[in-house]
Amino acid sequence: MNQPNLAVDLGGLTLKNPVIAASGTFGYGGEFSSFYDINCLGAMVTKGLSLEPAPGNPPPRTVETCGGMINAIGLENVGFEAFVEKKLPFLQSLNTAVIVNLYGTRMEDYGELARRIDPLEGIAGIELNVSCPNVKAGGMAFGTDPEMAYAVTRVVRDQTDLPLIVKLSPNVTDIAAVARRVEKAGADALSLINTISALAVDVNTRKPKLGNTMGGLSGPAIKPIALGMVWKTARSVDIPVIGIGGIMNAADALEFLIVGATAVQIGTANLVNPKAGHEIVEGLRSYLEAHGLADIREIIGSLEER
């Protein structure tokens, strides 16, 4: 029997399988290459990239919590010029899709970054982080308002022909409403969810456990919320959805595919088990073989509602 087909299409970006290493948890790829051949992944997403280097938030930056972790890294990164000089050569050597996650605090930042990334060799697509504060709107995140999300997506779309994925924030009243506006603006796919705003307190010092006070909750604790948002969003748009949130193993990944995700991103799991990505790819293949299925697409959106 031939091996099952794991390939998926993300709005024009074909992946060998639906497993993607999420931004911020996989560095620039090289950090995990000693654990397994990362070319086995469908894709990897780089750390969030800004025009200029960013130092991130003051420590402590991470704290473990029940069923997950809260982080306040603050989008620390090397900046565009150092990325091209020091990180891109390794990424160009990979035989898997490399997606650059970009962010800014002004509309102009997003557009300029997209313009610079567009001609780079070895970049398969862009993931747009709209969970960053827009300084011109008093710190409101671009992704919390459907019209602002539309505007920033349109700015990036006008600067690149690369496949464009928009990463949505869960910290909204109606994520599907944001998704529809982003689709209208020209996004090729959506990734959701980003982390959920959260706080942890040290009862002995009566101080926040994070140097930035608030952070973003990720890990198994958010999986049911993420599943619900992915299910709702996949039913509301015509472009592919990438599911993110608490995926630790192949069974978790299958849940997201069944509710309508075309692909999944592995985040916090990478920090717990550096081989998680490889194990999930193999787990999906084993599942299809065990159930006599020839193609992963037979699973996608197969939820039988009660």
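Which residues is Arg285 in contact with, leaving aside its neighbours within four places in sequence?

1. Arg285 is in contact with Gln3, Pro4 and Leu6, neighbours within four places in sequence left aside. Contact means heavy atoms within 4.5 Å. Arg285 sits in helix H8, residues 276–290. Helices are DSSP runs (H or I, at least four residues), numbered from the N terminus. Arg285 counts as buried because its relative accessibility is 17%. Buried means under 20% relative accessible area, exposed over 50%, partly exposed in between (1.4 Å probe, protein chains only).

2. A note on the basis. This is a predicted model, where local features need pLDDT of at least 70, side-chain atom pairs count only at pLDDT 80 or more, and totals for chains, interfaces and linings use all residues. Residues are numbered from 1 along each chain as its sequence is written, and side-chain values use heavy atoms, with hydrogens and water left out.

3. Now helices H4 (residues 175–184) and H5 (residues 223–234). Their axes come within 9 Å and cross at roughly 45 degrees. H4 is therefore oblique to H5. Axes are lines fitted to C-alpha atoms, for helices over the stretch in contact, and angles run from 0 to 180 degrees between N-to-C directions. H4 brings Ile175, Ala176 and Ala179 to the contact; H5 brings Met229, Lys232 and Thr233.

4. Finally, Leu192. Neighbours within four places in sequence aside, its contacts include Ile175, Met229 and Thr233. Leu168 and Val230 are also among the contacts of Leu192.

Methods: Helix = DSSP H or I, 4+ residues; strand = E, 2+ residues; numbered from the N terminus. Parallel < 35°, antiparallel > 145°, perpendicular 65-115°, else oblique.
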